[in-house]
Amino acid sequence: YVSNKLRVYNSKLSVMSTLIRSSVVARRSALSILKSASISRSAVPSLQAAFFPSPITARPTIATYPVRAFSDDSDSHSDFAPKRKDVSDDEQETLNMIKSHVDSNRIMLYMKGSPKMPMCGFSARVVQALKDEDADFSSVNVLDYPAIREGVKKFSQWPTIPQLYVDGEFIGGCDIVISMHESGELKELLTK
C-alpha cells in the first residue's frame, strides 16, 4: 500500500516539477496536485515548504526605468538654451514693456506657468475658459520674470494674478473671467 502511494506521489511529483516556480498560477496548480494526492495532511505542509520556499502569494511587480541623464550647460550649444528677454529692474521700463504687450496683443494673459502647463489653479481655470471660447491669446509666465510679476499688479492696480487684457483693456482676474465665461459675456467680448 505504501509503495503504491509512493508511485502515485512520484508521478505527480514529476508533473509538478514542470510547473514549479514558473508563475503564481502554476504554483497554485502544483499545490492543488499535492493536496489532491492521497498523502496524509501532516505531510503536505512539509512538502509545500520543500517545493515552495516562499509563500504562495502574488507579489506586485515594480517596473524600473533607466535614469535619463541630462546634459549640463557646458556641452550644449547656446542655440538650444531658452530664449528670454532681459527684464530691467527699473519700474518704468517694466511698465512700458507691459503696455507694449497689452497694446500689441489683442488678448493678453499674465499668468503663473504657461497655457500648456499652468502652475496654479486660478491660471489653469482662466486658460481653460479661454480655450473653451477658442480664443487665440498670448501669455507671459510671471514666475520667470519677477519684475513683470510686480509690475503688472501696479499697471492694472489689481493685486492678484492671473490678469486678462482684451483690446488693451484690463478685464480682471480669475473670478471675473470665470463669471463672464459662465454668463456668456466673455464669448461676446472675444468675438468683437
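Student: Which backbone nitrogen does the side chain of Ser123 reach?

Tutor: The side chain of Ser123 reaches the backbone nitrogen of Lys112, at 3.1 Å. This is a predicted model, in which local features need pLDDT of at least 70, side-chain atom pairs count only at pLDDT 80 or more, and totals for chains, interfaces and linings use all residues. Residues are numbered from 1 along each chain as its sequence is written, and side-chain values use heavy atoms, with hydrogens and water left out.

Student: Why is Ser123 called buried?

Tutor: Buried means under 20% relative accessible area, exposed over 50%, and partly exposed in between (1.4 Å probe, protein chains only). Ser123 has a relative accessible area of 0%, so Ser123 is buried.

Student: Why is the pair of Tyr110 and Tyr165 called edge-to-face?

Tutor: Rings of Phe, Tyr and Trp (its six-membered ring) pair if their centres lie within 6.5 Å; planes under 30 degrees apart count as stacked, over 60 as edge-to-face and the rest as tilted. The centres of Tyr110 and Tyr165 are 5.9 Å apart and the planes stand at 85°, so the pair is edge-to-face. Both residues are buried.

Student: What makes the pair of Trp158 and Phe170 tilted?

Tutor: Their ring centres are 5.6 Å apart and their planes are at 55°, so this pair is tilted.

Student: Why does Trp158 count as partly exposed?

Tutor: The relative accessible area of Trp158 is 30%, and therefore Trp158 is partly exposed. Phe170, at 24%, is also partly exposed.

Key: A polar contact is a pair of N or O atoms within 3.5 Å; within protein, one must be able to donate a hydrogen and the other to accept it, and residues adjacent in sequence count only if both atoms are side-chain atoms.
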